[in-house]
Amino acid sequence: MIGNRIRTLRKEKRMSQTELGKLVNVSQQTVTAWENNKAEPTSGAVTRLAEIFNISTDYLLGVKSGTASADKENTLTENQKLIAYSIDPDITDEEREDIMQLVKIAMKNRRRI
């Protein structure tokens with residue numbers, strides 16, 4: 001999962017693996033290994049990647065926050081996921097996650113009414 005996010009974020013920045021490696025102080029081969037999920041970045045590299053891409057380390061690592069009950073409450077139905085994913089097939093994972101968060105907010109507001 002982290003490898004896919006690194007690749008997507010790197011491509012969004014129109015950056016080569018070599019360029020990213022230089023910014024993180026690793027080789028191009030190391031970046032390739034990350035993107036192919038053959039190796040995982042160190043905690044320091046994860047922090048640096050988050051800084052470079054202006055994202056949270058939690059997003060990069062795919063960490064979900066909250067308790068199990070909060071996760072259950074915030075789980076989207078299949079129809080809601082289809083809506084979030086069908087808005088634009090070319091959007092990034094981060095943009096898709098933002099859309100899903102907006103759907104969750106709308107669900108909470110609907111319950112309050």
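Start by selecting Arg-5, which is buried, with a relative accessible area of 12% (buried means under 20%, exposed over 50%, partly exposed in between, using a 1.4 Å probe and protein chains only). Arg-5 sits in helix α1; helices are DSSP runs of H or I with at least four residues, numbered from the N terminus. Leaving aside neighbours within four places in sequence, Arg-5 is in contact with Tyr-59, Leu-60 and Gly-62, where contact means heavy atoms within 4.5 Å.

A quick note before moving on: this is a predicted model, where local features need pLDDT of at least 70, side-chain atom pairs count only at pLDDT 80 or more, and totals for chains, interfaces and linings use all residues. Residues are numbered from 1 along each chain as its sequence is written, and side-chain values use heavy atoms, with hydrogens and water left out.

Next, show α1 (residues 2-12) together with α4 (residues 43-53): their axes come within 11 Å and cross at roughly 30°. Axes are lines fitted to C-alpha atoms, for helices over the stretch in contact, with angles running from 0 to 180 degrees between N-to-C directions. α1 and α4 are therefore roughly parallel to each other (angles under 35 degrees). Now pick Ile-2, Ile-6, Leu-9 and Arg-10 in α1, and you'll find them meeting Val-46, Leu-49 and Phe-53 in α4.

Last stop: α2 (residues 17-24) and α3 (residues 28-35), whose axes come within 8 Å and cross at roughly 105°. That makes α2 roughly perpendicular to α3 (65 to 115 degrees). On the α2 side, select Gln-17, Thr-18, Leu-20, Gly-21 and Val-24; on α3, the contact uses Gln-28, Val-31, Thr-32, Trp-34 and Glu-35.

Methods:
Helix = DSSP H or I, 4+ residues; strand = E, 2+ residues; numbered from the N terminus. Parallel < 35°, antiparallel > 145°, perpendicular 65-115°, else oblique.
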